[in-house]
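Please open the structure in your viewer and keep the sequence panel at hand.

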There are 2 protein chains.
Amino acid sequence: MSESLPFSRVHIVGTGLLGTSIGLALVEAGAQVTLEDQSPSRAALAAEYGAGSVHTAVSREHDELAANVELVVVATPPDVTATVVSHALAKYPQAMVIDVASVKSSVVDAVMASASPDDSGARKRFLGTHPMAGRERGGPTSARVDLFTGRPWVITPVSDTPVELIGAVSALIRVLGATVHTMTPADHDHAVAVVSHLPQLVSSALATQLQSVSEDALSLAGQGLRDMTRIAAGDHELWAQILQHNAESVLPLLDHFRNSVDSLEKALHAASTEGTQRALAEALHAGASGVSRIPGKHGGQSRFATLVVVIDDRSGQLAALLSDVGALEVNLEDMSLEHSPGAPVGFVELSVSTEVVDRLAADLSARGWPIAGESQ
Amino acid sequence: MSESLPFSRVHIVGTGLLGTSIGLALVEAGAQVTLEDQSPSRAALAAEYGAGSVHTAVSREHDELAANVELVVVATPPDVTATVVSHALAKYPQAMVIDVASVKSSVVDAVMASASPDDSGARKRFLGTHPMAGRERGGPTSARVDLFTGRPWVITPVSDTPVELIGAVSALIRVLGATVHTMTPADHDHAVAVVSHLPQLVSSALATQLQSVSEDALSLAGQGLRDMTRIAAGDHELWAQILQHNAESVLPLLDHFRNSVDSLEKALHAASTEGTQRALAEALHAGASGVSRIPGKHGGQSRFATLVVVIDDRSGQLAALLSDVGALEVNLEDMSLEHSPGAPVGFVELSVSTEVVDRLAADLSARGWPIAGESQ
């Protein structure tokens with residue numbers, strides 16, 4: 001997959017995590033990159049990291065830059081993305097423009113609406129995109145050249161979008177290491193509403209309950225609660241913007257979600273007062289069916305077995321364990337380390353193919369690793 | 001902590017994951033263990049695994065056993081736990097009896113109610129307990145001798161419970177490697193309702209939404225959605241029992257949770273129609289505050305920094321990375337492996353103390369590991 005970079009002069013507006021990471025990757029790929037940010041110090045910081053050079057608007061240099069830029073990447077917060085894209089389309093009349101905001105319909109609609117009806121040039125030079133990468137927080141200091149490696153990167157062409165633009169942006173995305181997913185803006189927004197925005201709201205609503213819980217109760221918290229609330233710790237101001245811009249897709253999902261909560265509550269109430277568990281078990285089973293639809297590591301829907309191994313809480317133990325797993329020629333599908341409040345041990349959960357789990361358990365046990373659980 | 005085992009003859013009723021694991025650990029600690037299960041083949045399987053010997057009720061042997069058992073461990077599903085405990089109290093009049101069900105008030109109340117008012121002996125020989133261990137599924141084949149190592153194990157004494165019984169059971173729990181948490185039955189039920197049962201229902205309600213989502217949308221799923229729905233894949237029949245028995249604690253929490261969902265929905269609706277983000281940002285911030293109250297690895301509330309490293313999807317890579325982390329003398333607080341549908345790479349998220357994260361990033365980078373992200 002040694003594709004050549006389709007744009008050699010790129011201007012990036014917004015040097016947060018995404019903009020800076022794109023700059024780093026493009027510089028590495030050989031592009032000439034200029035940077036711009038509302039905060040001059042943030043742009044300077046991104047330049048120091050090696051993401052490009054800061055664009056200072058001195059007239060002659062500016063004219064030269066404007067005449068030569070081939071691609072403008074708008075990587076600003078969603079609130080201002082459409083405005084910045086429209087400015088860029090006007091300011092760099094030869095350049096293509098893409099954005100990387102987490103919401104697409106509101107951005108694409110606003111950009112198209114702001115182009116005058118006969119301004120087909122502007123309408124044909126813009127493509128909305130969204131890399132599903134990183135934690136969407138942290139600014140330039142969190143940026144990394146490999147941020148997009150292996151991640152899905154959605155592009156949302158509309159009927160006006162020329163195939164040449166789609167081809168060039170797709171090639172750029174592949175050079176950055178990501179995989180191209182093509183969707184309409186509306187399909188994108190609905191997809192991220194269900195896989196990202198609804199979970200974010202649900203995690204927040206659940207985590208909110210912890211504000212008033214006793215420390216004794218929290219001391220019993222296991223991995224389940226930690227997993228369910230992790231994303232609620234994210235940047236709440238950025239999330240408020242994202243959610244606002246995708247409210248149209250998210251609100252109906254929140255409504256469906258509440259219906260499921262209501263069904264569970266009704267079933268639990270019936271179980272409690274009438275002693276009938278069937279409705280409750282069926283409602284819980286519906287959840288398990290939903291989980292089974294999430295694609296696995298390689299895009300399939302196969303199921304894996306889990307092995308829980310106990311390790312001492314010392315550096316080196318995990319490496320020793322995984323070295324043994326590697327020596328046994330078993331490929332890990334997933335793994336996680338579980339906390340044990342107050343205890344000097346940790347639990348490593350290894351997910352492997354169901355075909356090898358029994359052999360792995362026996363072999364690790366023979367090598368002296370305590371096995372604390374196995375499930376298929 | 002080399003404590004001696006306070007019971008040398010133990011009878012276990014119910015040889016699922018918990019009963020069999022307790023048997024394995026007690027046999028290893030030197031106890032004489034007999035096993036009993038409604039399913040003779042399951043009891044035989046547990047015995048084959050080394051969890052004890054199967055108790056067959058031939059009269060003389062049975063009398064001898066009944067006269068000599070010092071502790072009966074009831075490890076049956078919650079629906080029948082109280083009944084089995086009451087039978088055990090009558091059948092083994094010299095023995096102490098504990099149960100290990102995930103709900104406590106309903107079990108303890110039913111046991112106490114079934115003892116006749118003057119039967120203070122029976123009331124003083126029972127102690128309700130709950131080990132917070134394992135995935136509560138899988139039967140004897142999932143059992144492991146180290147299942148309880150480092151886990152919290154709650155005991156729920158009542159006013160009648162003699163201190164000697166509390167002391168002996170606490171010693172037993174410590175011999176099995178767990179840490180003793182003392183609570184009232186009601187406090188226990190409220191605690192597990194919030195840290196375990198509510199998250200279970202929320203995860204199910206969220207996962208239920210995935211039943212009708214397109215595969216295109218699901219192909220964008222990241223770690224957030226996976227974490228939020230993992231526990232929804234659990235044993236729905238067992239969970240229906242657990243939830244039914246703790247409905248009194250869970251229903252009010254579900255109500256509070258729905259209020260939080262309603263608040264978020266209202267704030268999102270206002271953001272969407274009025275363009276105001278403050279209420280939404282504040283509601284999301286409340287979630288972040290809740291998350292920060294979950295104790296960390298060593299029971300504290302310190303925060304850790306995260307480093308994301310890219311690895312090839314080959315066995316041995318993870319071990320090589322962790323070997324380097326170990327060589328740099330950095331202690332991992334947490335780690336997880338993130339999936340990348342369709343991509344030949346994986347992402348390893350390393351959580352380390354904020355003090356060492358920058359050094360670790362630089363050192364790993366110098367050793368050739370691509371760093372895909374860092375956040376504090």
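Begin by selecting helix 12 (residues 247–274) and helix 13 (residues 278–291) of chain A, whose axes come within 8 Å and cross at roughly 150 degrees. The model is a predicted one. Angles over 145 degrees count as roughly antiparallel. Helix 12 of chain A and helix 13 of chain A are therefore roughly antiparallel to each other. Viewed as a pair, helix 12 of chain A passes helix 13 of chain A in a left-handed crossing.

Next, display the side chains where these two helices touch. From helix 12 of chain A, select A:L264, A:A267, A:L268 and A:A271; they meet A:A279, A:L280, A:A283 and A:L284 of helix 13 of chain A. Which classes of residue make up this contact of helix 12 with helix 13 of chain A? The contact has eight nonpolar residues, with no polar and no charged ones.

Now turn to chain B and select helix 14 (residues 317–327). Eight of the eleven residues of this helix are buried, so helix 14 of chain B is largely enclosed by the rest of the structure. The buried residues include B:Q317, B:L318, B:A319 and B:L321, and also B:L322, B:D324, B:V325 and B:G326. Just after helix 14 of chain B, select B:E329, which takes a positive phi of about 55 degrees.

Finally, show both chains together. The same surface serves both copies, since 100% of the contact residues of chain A recur in chain B.

How values were computed. Residues are numbered from 1 along each chain as its sequence is written. Chains are lettered from A and ligands numbered from 1 in the order in which they are written. This is a predicted model: local features need pLDDT of at least 70, side-chain atom pairs count only at pLDDT 80 or more; totals for chains, interfaces and linings use all residues. Side-chain values use heavy atoms; hydrogens and water are left out. Contact means heavy atoms within 4.5 Å. Buried means under 20% relative accessible area, exposed over 50%, partly exposed in between (1.4 Å probe, protein chains only). Helices (H or I, at least four residues) and strands (E, at least two) are DSSP runs, numbered from the N terminus. Axes are lines fitted to C-alpha atoms, for helices over the stretch in contact, and angles run from 0 to 180 degrees between N-to-C directions. Angles under 35 degrees count as roughly parallel, over 145 as roughly antiparallel, 65 to 115 as roughly perpendicular and the rest as oblique. A crossing is left-handed if the near helix is turned anticlockwise from the far one by less than a right angle, and right-handed if clockwise. Ala, Val, Leu, Ile, Met, Phe, Trp, Tyr, Cys and Pro count as nonpolar, Asp, Glu, Lys and Arg as charged, and the others, Gly among them, as polar.
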